[in-house]
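Reader: I'd like to learn how to read a few features off a model like this one. Can we take them one at a time?

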Amino acid sequence: MSLKVPKSNNLQLFKDGYKQLSGLDEAVLRNIQAVNELSDLVRTSFGRNKLLINHLGRLFVTSDAATIIREIEVVHPAAKLLVMASQSQETEMGDATNMVLIFGGELLKKAENLLIMGLHPSEVIRGYELASAKAQAELEKLSTFSLPSPLTQETLASALKPAIASKQYGYEDTLASLVAEAALSIMPANPKNFNVDNVRVVKIMGGSLSGSRVVQGMVFGREPEGTVKKALKAKVAVFTSALDIAQTETKGTVLIKNADEMLNFTTGEEKQLEKIIKEIADSGINVIIAGSSVGELTMHYLNRYNIAVLKVLSKFELRRLCRVVNATPLARVGAPTAEEAGFVDVFETVEIGGDRVTVLRQLLVGEPGFDPTSQAEKTRTATIVLRGATSNHLDDLERAIDDGVNVIKSLMKDARLVPGAGSSELELAKRVEVYGSGLKGLSQHAVKKFSSALEVIPRTLAENALGGAEGNEVISRLWAKHEQKGGETWGVDIEAETDGTLQADQHKIYDSLAAKAWAIRLATEAANAVLSVDSIIMSKPAGGPKIPQQAGNWDADD
């Protein structure tokens, strides 16, 4: 006879306040629902703008998915997995962040049907991994065009246009040309060493985008502090410390007995300061860049010795500026050594659209006054001066330029391009579908769902541009054209000039192969991570004591 041990009904495993959700309904399907909401939120921004107001009350009008998810502060843990995948895409490639969110959400939407039908999540995960590997292998075969070498402004601009058009449709020609010009002017001998930090953007309100231009060197949206506004072939010193009389650490009391003592009280400090400024001037310095405050007395002596002063309070800008003038930032006030001093050909104040800005640049070959024996190196920074009517519009133009510069970075590593306009995704969907039909076992269902999920990119493009009903018609026409021989490049024509379809390669609409491959990989990994979760355990949120709640109305008589 066996002994039966009674089980406790109210066994407490966690502290009070913990929540535990497990099983298909409570954990997996809830997570899928949360990710779908996030995916549906950003899907419409595939070409359409959203108006966001963040927790600080700042206004954003943008279609950039990276900005949207950064400002809406997603808190659901499963949706955060997808957000982190899109942030990885932004860091690695700078483009196709929206594709990660949309495609990852669609994969989970398709997986929901399979799970409800009875498939185990591990079967779905295995199928998705097989399909992802097949899609990436087929994507390599779709590449029929690479960025030609050596690079020219026309070829680089044509490769950038599709990425910039996804953020600023209608302005892509102007912006792509500006980005290509800026990038080529600072392109290193080995293009793989291209640094995105070397292309800056300065926004000046007023005028229109057509008034934007590229300046070799750095532009600051403020005037120099002193009376000296221009210097040519100047030696530059960069100071990160305050240019002022040193303050004592402790407070002291000075007893002054007569008028002479009163007059002589500050003379010692003034002489000491003048001595320092004279040393700086004697070392040949014509321009000082101050990373902190500049005292009034210091300013007086700097003006006397005809030294121009520019305040740059951002440490990132200061670092870039040191690269332009080839100087070493100094933490002490004093004359720099020959190695610490920098050199700039032109330091000048110019007027752009009513605003006076300061430009620091080196002369290029062919410019009047260029000296081949000059000690100045080729400027390693280019600045795009953007003009626009509103600050929101300028911010969005800057985001589009950032995306364009990041696309150049990825193209320098891998110059291969694939047809855009949704044609590559539709062709991959077709090929993965054929692959899934030849598989045995339950994972074939997941592979087929993966192929139908790939269709979401061209479908979203068509629906956002042409409307739901017309979008369905366009997708049907595209499927028919992709079934024909040589129909791999048919994509969505968002302007619907004919029947809503076009050949992407003939219209020079190309996407970076590396960006697309990373997006498919990251979206699949994020979807699999959500599917592999079978229970959620949430601890009680940390926090101080809560304000006691009043029982009933505070004014009620008991």
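This is a predicted model: local features need pLDDT of at least 70, side-chain atom pairs count only at pLDDT 80 or more; totals for chains, interfaces and linings use all residues.

Reader: Is Thr349 buried or exposed?

Author: The cut-off to keep in mind is that buried means under 20% relative accessible area. Thr349 comes out at 14%, so Thr349 counts as buried.

Reader: Where is Val474, and what is its relative accessible area?

Author: Val474 is part of helix H16, which covers residues 468-483. Its relative accessible area is 0%, so Val474 is buried. Setting aside neighbours within four places in sequence, the contacts of Val474 include Ala462, Leu466 and Val492, along with Asp499, Gly500 and Thr501.

Reader: On to rings. How is a pair of aromatic rings described?

Author: With two values: the distance of the centres and the angle of the planes. In this model the count is two aromatic pairs. One of them is Phe103 with Phe450, an edge-to-face pair with 5.3 Å centre to centre and 85° between the planes. Phe103 sits in helix H4 (residues 97-117) and Phe450 in helix H14 (residues 443-454), so this pair ties together parts that are 347 residues apart in sequence. Both Phe103 and Phe450 are buried.

Reader: Which charged end sits over the ring of Trp518?

Author: That of Arg521, placed 5.1 Å from the ring centre.

Reader: Last one, a sheet. What is the order of the strands in the open sheet of three?

Author: The order reads E4-E15-E18, and the pairing is antiparallel. Strand E4 (145-146) and strand E18 (510-512) are at the edges with a single partner strand each, so one side of each has no neighbour in the sheet. E4 pairs with strand E15 (residues 416-419) over two bridges, and the bridge partner of Ser146 in E15 is Arg416.

Reader: Which helix lies across E15 and E18?

Author: Helix H17, residues 513-531, which runs at about 60° to E18.

Methods:
Residues are numbered from 1 along each chain as its sequence is written. Side-chain values use heavy atoms; hydrogens and water are left out. Rings of Phe, Tyr and Trp (its six-membered ring) pair if their centres lie within 6.5 Å; planes under 30 degrees apart count as stacked, over 60 as edge-to-face and the rest as tilted. Helices (H or I, at least four residues) and strands (E, at least two) are DSSP runs, numbered from the N terminus. Buried means under 20% relative accessible area, exposed over 50%, partly exposed in between (1.4 Å probe, protein chains only). A charge sits over a ring if NZ of Lys or CZ of Arg is within 6 Å of the ring centre and within 35 degrees of the ring normal. Contact means heavy atoms within 4.5 Å. Two strands pair if DSSP finds at least two bridges between them. Axes are lines fitted to C-alpha atoms, for helices over the stretch in contact, and angles run from 0 to 180 degrees between N-to-C directions.
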